[in-house]
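The sequence and the structure come first.

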Amino acid sequence: MNMRFSRNDIEQKAKCFRVRMGLNTTEAIDVKTILRKNNILTVYLPMSKDACGLSLQSPEKDKFILVNSKISKGRQHFTIAHELYHLYYDEYPHPHICFKDGISNTERAANCFASALLMPEEGVIGLIPESILK
Ligand SMILES: [Zn+2]
């Protein structure tokens, strides 16, 4: 299902998710801590070059993420944040491999969520010296 998404709505979801995970809206996020705290089984295996990962949820809500071990560490963190969107906010979850340049609205929404989760606007702006912002 391809639903349009609003950037504000997705950024709001990322903020809510941070609060849900006991983080404030600006501090740096450690995705591995989130995976551990939420008992999300995460496996790193080599996948094809353009694949990033996939996520699955059992009917009992057991969560699983597969991450392509061949992509950079930074991209792996982004992939995990992307998969967290599928696991917690995807309205029509279905098993699929996520690629670097996913073009469906769900993939774009998941990428938008990942960016907002890893680099919240308030946090990024807070890092810029005031003299530059003036
Ligand atoms: Zn995806």
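Axes here are lines fitted to C-alpha atoms, for helices over the stretch in contact, and angles run from 0 to 180 degrees between N-to-C directions. Helices (H or I, at least four residues) and strands (E, at least two) are DSSP runs, numbered from the N terminus. The model is predicted: local features need pLDDT of at least 70, side-chain atom pairs count only at pLDDT 80 or more, and totals for chains, interfaces and linings use all residues. Residues are numbered from 1 along each chain as its sequence is written, and side-chain values use heavy atoms, with hydrogens and water left out.

## Helix packing

| Helix pair | Axes come within | Crossing angle |
|---|---|---|
| H1 and H3 | 12 Å | roughly 90° |
| H1 and H4 | 9 Å | roughly 50° |
| H3 and H4 | 8 Å | roughly 120° |

Angles under 35 degrees count as roughly parallel, over 145 as roughly antiparallel, 65 to 115 as roughly perpendicular and the rest as oblique. The axes of H1 and H3 cross at roughly 90°, and these helices are therefore roughly perpendicular to each other. Contact means heavy atoms within 4.5 Å. On the H1 side the contact with H3 uses Ile 10, Lys 13, Phe 17 and Arg 20, and on the H3 side Leu 84, Tyr 85 and Tyr 88. By class this contact has 5 nonpolar, no polar and 2 charged residues. For these classes, Ala, Val, Leu, Ile, Met, Phe, Trp, Tyr, Cys and Pro count as nonpolar, Asp, Glu, Lys and Arg as charged, and the others, Gly among them, as polar.

Helix H1 covers residues 7-20, and its axis crosses that of H4 at roughly 50°. That makes H1 oblique to H4. The crossing of H1 and H4 is right-handed; a crossing is left-handed if the near helix is turned anticlockwise from the far one by less than a right angle, and right-handed if clockwise. From H1, the residues in this contact are Arg 7, Ile 10, Glu 11, Lys 13, Ala 14, Phe 17 and Arg 18, and from H4 they are Ala 109, Cys 112, Phe 113, Ala 116, Leu 117 and Leu 118. The contact of H1 with H4 has 9 nonpolar, no polar and 4 charged residues.

Helix H3 spans residues 73-88 and helix H4 residues 105-118. At roughly 120°, H3 and H4 are therefore oblique to each other, and their crossing is right-handed. In H3 the residues that meet H4 include His 77, Phe 78, His 82 and His 86, and those in H4 include Glu 107, Asn 111 and Phe 113. The residues of the contact of H3 with H4 divide into 10 nonpolar, 6 polar and 1 charged.

His 82 and His 86 both lie in helix H3, 4 residues apart, about one turn of the helix. Buried means under 20% relative accessible area, exposed over 50%, partly exposed in between (1.4 Å probe, protein chains only). His 82 is buried, with a relative accessible area of 4%, and His 86 is buried at 5%.

## Single residues

Asn 111 is found in helix H4 and is buried, with a relative accessible area of 18%. Not counting residues up to four places away in sequence, Asn 111 touches Phe 78 and His 82.

Thr 79, in helix H3, is buried with a relative accessible area of 2%. Leaving aside neighbours within four places in sequence, Thr 79 is in contact with Cys 52, Gly 53 and Ile 71.

Pro 120 sits in the loop between H4 and helix H5 (121-127) and is buried at 11% relative accessible area. The C-alpha atoms of Pro 120 and Glu 11 are 109 residues apart along the chain and separated by 8.0 Å.

Most residues other than glycine have a negative phi. Asn 39 has a positive phi, near 50°; this residue lies in the loop between helix H2 (31-37) and strand S1 (41-45) and is exposed at 68% relative accessible area.
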